[in-house]
Amino acid sequence: MRVSKTSLPASDRAARLREALLAAEFTVDGVLDALGAPAYAALARSETVPALRATRGASRLKTLVRLFLLQCSVPADRAGDALPLDDALADGWLAGGESAGGGVSGAASGSVRATVDIRPYGGPEGQDWFIVSDLGCSVGGAAGAGGRGEAVVLGVGGASTTLAGLTVRRQVASALDLGTGSGLQALHATQHATRVTATDLNARALDFTRLTLALSGVEQAELLEGSLFEPVGDATYDLIVSNPPFVISPAADGAPGGRRTYRDGGMAGDDLCRTLVQQAGDHLNEGGFAQFLANWEHVEGEEWQDRLRSWVPRGCDAWIVQREVQDVTQYAELWLRDSGDHQAVDDDRYARLYDAWLDEFETRKTHAVGFGWITLRKAALGTVRGGPSIVVEDWPHAVEQPLGEAVEAHFLRQDYLRTHDDAALLAGRFTLAAEVVQEQVGLPGAEDPEHVVLRQHRGMRRATKVDTVGAGFAGVCDGTLSAGRILDAIAQLVEEDPVLLRDRTPESIRLLVGEGYLEPVGE
């Protein structure tokens, strides 16, 4: 393992610091109570004024919020009341703050400041964890983390929490967090993986991961420096997760604006995401999952679904969900704001950078960029019939996190459908999934609805139109009768030939099973 040499804090006495943070109730619930919901929500939007007003008192909790979340200098005596000051100074968590005249002072002269951002984070079972990242990231996003250049390490964000919620959380022997950043995914993995490995091209990120794990009181992971799968060689894992630097930008080395390691992969277009997905198959154990966030190009003359299908490695099933699409102007503006370039003092700088992004997209014939989730599952040898299951879909609608169980269930349903022909399907028994309701849509007072909708209120929260036979079939499925017997009964009620009904219905049953409305019994 290559160990980076940085000036980041030491983790040797992180246990004492953790005890102090917990004693002061510097937790997700504690901070919410101290700030109140409006100020807490404003802080999540990088607006600090409400939180500054709410922390004017001298309690230990308010002192810690000012130090680590608002990144203000605080009186040394107040910091000493809240945490082991000598340890925090010696280990580098704190340093001298600003004097009254605006210069830097030592702790002895009255003030201290945080050297890193420490944010409380709630684990899935109520654990009190802490994510350590560069200063500025809680109060301004990447644009607020100045002074670190391309090596900046971000903290908790929407993308990282999305991936954490998507991840399949079954017990596994080994897990890999590729591109760990501040260590959020590795932290989650320590709860259900015997061995955790975290990698990153940015050496500072590995040090931040070490701090995150130590301050959260969990077992340390194996930390390896390098790009993509290079640091792990031929090793294989039961779970691979990655929130990679997926941004499609012209910011390769030497390009205008420079490269930001946390977001720009240094490859052309969406090549980094493609390479990551294609190489993942060789590093998965049988039955293992690889889960990524990714961006992909929408290119003239090519269907985006076909582009993504071509990424899936041999021997793997895949579920790819596009959550959002932006045209190239929206996309360029989003990431120029992310880096703070929209506030450039040089009047021409923003326009030059914007031009560079649009030139890149024009050269690649890219008219839009998609964002979403990619999940691979390595098929066990001898268990797959009829080729791999590759589902690519556009689903921009609201979902209910966490989705890890729903992701695993999706692949189990695909296994069922691939191993059951129409005759086996009609012989099977099904139950209606929990939280599925029926809606009838039509004009008020009409004798019959225009159409019937089945809607899920959990997981992916899908909705699909069904005919009267489909609605009746779903409503009767309680696991006691086979699908064929239910259809025979429905045929009598609607006065239809039962043979014809049996012939045309399996396709609808496959849809309802595939999308999770019906669950096979005994499978």
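Modeller: Buried means under 20% relative accessible area, exposed over 50%, and partly exposed in between (1.4 Å probe, protein chains only). Helices (H or I, at least four residues) and strands (E, at least two) are DSSP runs, numbered from the N terminus. This is a predicted model: local features need pLDDT of at least 70, side-chain atom pairs count only at pLDDT 80 or more, and totals for chains, interfaces and linings use all residues. Residues are numbered from 1 along each chain as its sequence is written, and side-chain values use heavy atoms, with hydrogens and water left out.

Colleague: Within what arc do the buried residues of α2 fall?

Modeller: Helix α2 (residues 28-35) has Gly30, Val31 and Leu35 as its buried residues. They line one face of the helix, because seen down the axis of α2 they fall within an arc of 120°. The arc is that of the directions from the helix axis to the C-beta atoms. The value for α2 is 120°.

Colleague: Which elements do the buried residues of α2 pack against?

Modeller: Start with the other side of α2, where Asp29 and Asp33 are exposed. Just after the helix, glycine 36 takes a positive phi of about 85°. Contact means heavy atoms within 4.5 Å. The buried residues pack against α3 (37-44), α4 (49-54), α5 (60-69) and β4 (117-122).

Colleague: How far apart are leucine 69 and leucine 43 in space, C-alpha to C-alpha?

Modeller: Leucine 69 is found in helix α5. At a relative accessible area of 4%, leucine 69 is buried. In sequence, leucine 69 and leucine 43 are 26 residues apart; C-alpha to C-alpha, their spacing is 8.7 Å.

Colleague: What covers the buried residues of α1?

Modeller: In α1, the buried residues are Ala14, Leu17, Arg18, Ala20 and Leu21. Seen down the axis of α1, they fall within an arc of 160°, so they line one face of the helix. Glutamate 25 follows α1 with a positive phi, near 60°. The cover includes α5, α6 (76-82), β4, β5 (128-133) and α10.

Colleague: How many residues apart are arginine 13 and aspartate 87?

Modeller: Arginine 13 and aspartate 87 form a salt bridge, with their closest N and O atoms 3.4 Å apart. A salt bridge is a side-chain nitrogen of Lys or Arg within 4 Å of a carboxyl oxygen of Asp or Glu, and by this rule the count comes to 23. Arginine 13 is partly exposed, at 36%, whereas aspartate 87 is buried, at 12%. The pair links distant parts of the chain, the segment before α1 (14-23) and helix α7 (residues 85-91), across 74 residues.

Colleague: Aspartate 207 meets arginine 210 in a salt bridge. Why are the two separated by about one helical turn?

Modeller: Their N to O distance is 3.4 Å. Aspartate 207 counts as buried at 7% relative accessibility, while arginine 210 counts as partly exposed at 21%. They are separated by about one turn because both lie in helix α10 (residues 203-215), at a spacing of 3 residues.

Colleague: What is the N to O distance between aspartate 306 and arginine 309?

Modeller: Aspartate 306 and arginine 309 are 3 residues apart in helix α12 (residues 304-309), so about one helical turn separates them. Aspartate 306 counts as partly exposed at 44% relative accessibility. Arginine 309 is also partly exposed, with a relative accessible area of 35%. The N to O distance in their salt bridge is 3.0 Å.

Colleague: How far from lysine 378 is the nearest side chain of opposite charge?

Modeller: Lysine 378 has its place in strand β12 (residues 366-378). Leaving aside neighbours within four places in sequence, lysine 378 has contacts including Gly281, Leu284 and Cys316. A polar atom of the lysine 378 side chain lies 3.3 Å from the backbone oxygen of leucine 284. Lysine 378 is buried yet has no salt bridge, and the nearest side chain of opposite charge, aspartate 282, is at 5.8 Å.

Colleague: How many residues does the second, separate core have?

Modeller: A nonpolar core is a set of buried Ala, Val, Leu, Ile, Met, Phe, Trp, Tyr and Cys residues joined through side-chain atoms within 4.5 Å. The largest has 75 residues, and Phe292, Ile374 and Leu376 have the most contacts inside it. Strand β10 (residues 284-299) gives the most to this core, 7 residues. The second core includes Leu35, Leu43, Ala79 and Ile118, and its residue count is 41.

Definitions and conventions. Lys, Arg positive; Asp, Glu negative; His and termini not counted. Polar contact = N/O pair within 3.5 Å; in protein donor to acceptor, adjacent residues only side chain to side chain.
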